[in-house]
Amino acid sequence: MVHTCVVAGCRNRRTPGTTLSFYRFPRDPERKQRWIAAVNREGWVPNDGSRLCSTHFISGKQVKNPRSPDYVPSVFRTAPLSPEMKEPGALEILDKQEARVEAANALLFLQGQGQGQGQAAVDHQGQEDHPEGVREQEPTVEESASSSLGTDEDDDDDDDDDDDEESVSDSKKGKFAQASDPPVNFDDILKALKKENQALRESVEKMSLSENSLRNDAEKVKFYTGLPNYFVLETVMWLLAPHMDGMKNVKLSKFQQLLLTLMRLRLDLRNQDLAYRFGVKIGTVTKTVHRMVNILSSTLVPTAVFWPSRAELRKNLPAALRTSHPDCAVIIDCFTVPFEEPVSRGNQQHQHSSSQGVGTSYNVLKYLIGVAPQGVVTFVSRGVLGNVSDKSLAEGCGFLCKLLPGDVVLASRDLDISESVAARGALFKIAGGYGPSEGSLLDGAASETLSVQRHVERVISMVKQRYAMLTGPVESPFTTASERTSNLSTFDKIVQVACALNNLCISAAPLE
């Protein structure tokens, strides 16, 4: 019987003297379907007489090993073969045989199923003595390599011979599989993957900035927010949440908005850094910080920074002042924060209209701070340029309105506000008894002055250490007035918020 290759455009036929091999379509349904797909003839179905020639395989032979590239035909020329194409010569046949043996040995080596077999150059006879044109057996070396890979040429014998060849090839393939592939326990693999997945989830959760990652980690809460533990952070969140309902931010939850703002104050991170950490745009970070500072200023500051009653002050007055200054209501001082660029024009006009001051720096913001003897901040002024005098700052910031008749105001140095304080019925004293009407220090005054000075400096230092943004320099967008109805800039509110958050911490030490 003369067979013709079924591939469209391929005119190869089994004729006497040809060196080509022709293969039946496999019996295995899955593999047979892959062959049909490779032939790519729409609506065509092979029959018992359909054959595929060896030119459509990379090595020139079909291979039954599923891991071999010749398990399915893959070589298809775009142009049909010429009927006058000459058969390759003897030298070309020999070269092809050697190349096939080398390819088989390489596959064996890569698959770990055996060592490469030596190559042998043998004569090949192309004559076929089978009635249907079956060619003679291939050289010994090539046959060994090909059979070890599970090749199966169709010599057009009866079905029994075909079945024998397939059974022998399958048995060899089974031996190779048993030798190289130990039994796999998929249950163990599944358990290991689940365990690895859980470990990765926990690792990602631990590295993320979420409520769960901070809930049981007080050190992490303290590092990112400055607050002592998650309970205090949760309390602040509970206080602010009702005022955040109108905020539309699909990217960040309410908790993330608060956390982002506290990290900005606490670590003085740049907006770009926070944008990377929370996976949002820089504009989102800027808007979030300004909105949250406004909410914190209007909600948290009145709750945490307030002027205590006289009864509360006297009840908790530290022993260091009970004898010398039992009516002490507040200890005041000034601190400065540098800024990058000049503040807004309206703020400068207000400051230049003030009297001359002791300060000489125009690139810092000056604040008046009032600290209770118990160690909490009870008053913070708005910021003015550093050249404004302490007296002008104290008289214009609203501090004097807090005083009651009989209150004592302490300071470690003369702020030139004795007359202004006296006008409110209160008394301004420099710690140790050195004031405008006294000419010398009393006994023990030096140590008392030093104690009061350290007390205020410790509180100011504590606030700045806890919220690094207060160390400056202040960025220009924060120095402009945040609202038309308020003279406070965004940074003024940040200073007040930092003092309020500091009061929530138990670490503020009383006067010793």
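Buried means under 20% relative accessible area, exposed means over 50%, and partly exposed lies in between, using a 1.4 Å probe and protein chains only. Helices (H or I, at least four residues) and strands (E, at least two) are DSSP runs numbered from the N terminus. The structure described here is a predicted model, in which local features need pLDDT of at least 70 and side-chain atom pairs count only at pLDDT 80 or more, while totals for chains, interfaces and linings use all residues. Residues are numbered from 1 along each chain as its sequence is written, and side-chain values use heavy atoms, with hydrogens and water left out.

The loop between S7 and helix H17 (418-422) holds Ser412. With a relative accessible area of 16%, Ser412 is buried.

Next come two helices. The axes of helix H9 (residues 254-267) and helix H10 (residues 271-278) come within 11 Å and cross at roughly 145 degrees; here axes are lines fitted to C-alpha atoms, for helices over the stretch in contact, and angles run from 0 to 180 degrees between N-to-C directions. The contact (heavy atoms within 4.5 Å) is made by Gln256, Leu259, Leu260, Met263 and Arg264 of H9 and by Asn271, Leu274, Arg277 and Phe278 of H10. These residues divide into five nonpolar, two polar and two charged, where Ala, Val, Leu, Ile, Met, Phe, Trp, Tyr, Cys and Pro count as nonpolar, Asp, Glu, Lys and Arg as charged, and the others, Gly among them, as polar.

Asp268 sits in the loop between H9 and H10. Its phi is near 55 degrees, a positive value in a residue other than glycine. The side chains of Asp268 and Arg264 meet in a salt bridge (3.0 Å, N to O), the term for a side-chain nitrogen of Lys or Arg within 4 Å of a carboxyl oxygen of Asp or Glu.

The structure holds 12 salt bridges. Side chains of opposite charge can pair when their charged atoms come close. One of the bridges joins Asp245 and Lys254 (2.4 Å, N to O); Asp245 is exposed at 54% relative accessibility, whereas Lys254 is partly exposed at 32%. Another joins Asp390 and Lys366, with the closest N and O atoms 3.1 Å apart. Asp390 lies in helix H16 (residues 390-396) and Lys366 in strand S4 (residues 364-371), so this pair ties together parts that are 24 residues apart in sequence. Asp390 is buried at 8% relative accessibility, and Lys366 is buried at 5%.

Finally, the peptide bond from Gly472 to Pro473 is cis, with omega near -5 degrees. Pro473 has its place in the loop between helix H18 (445-466) and helix H19 (490-503).
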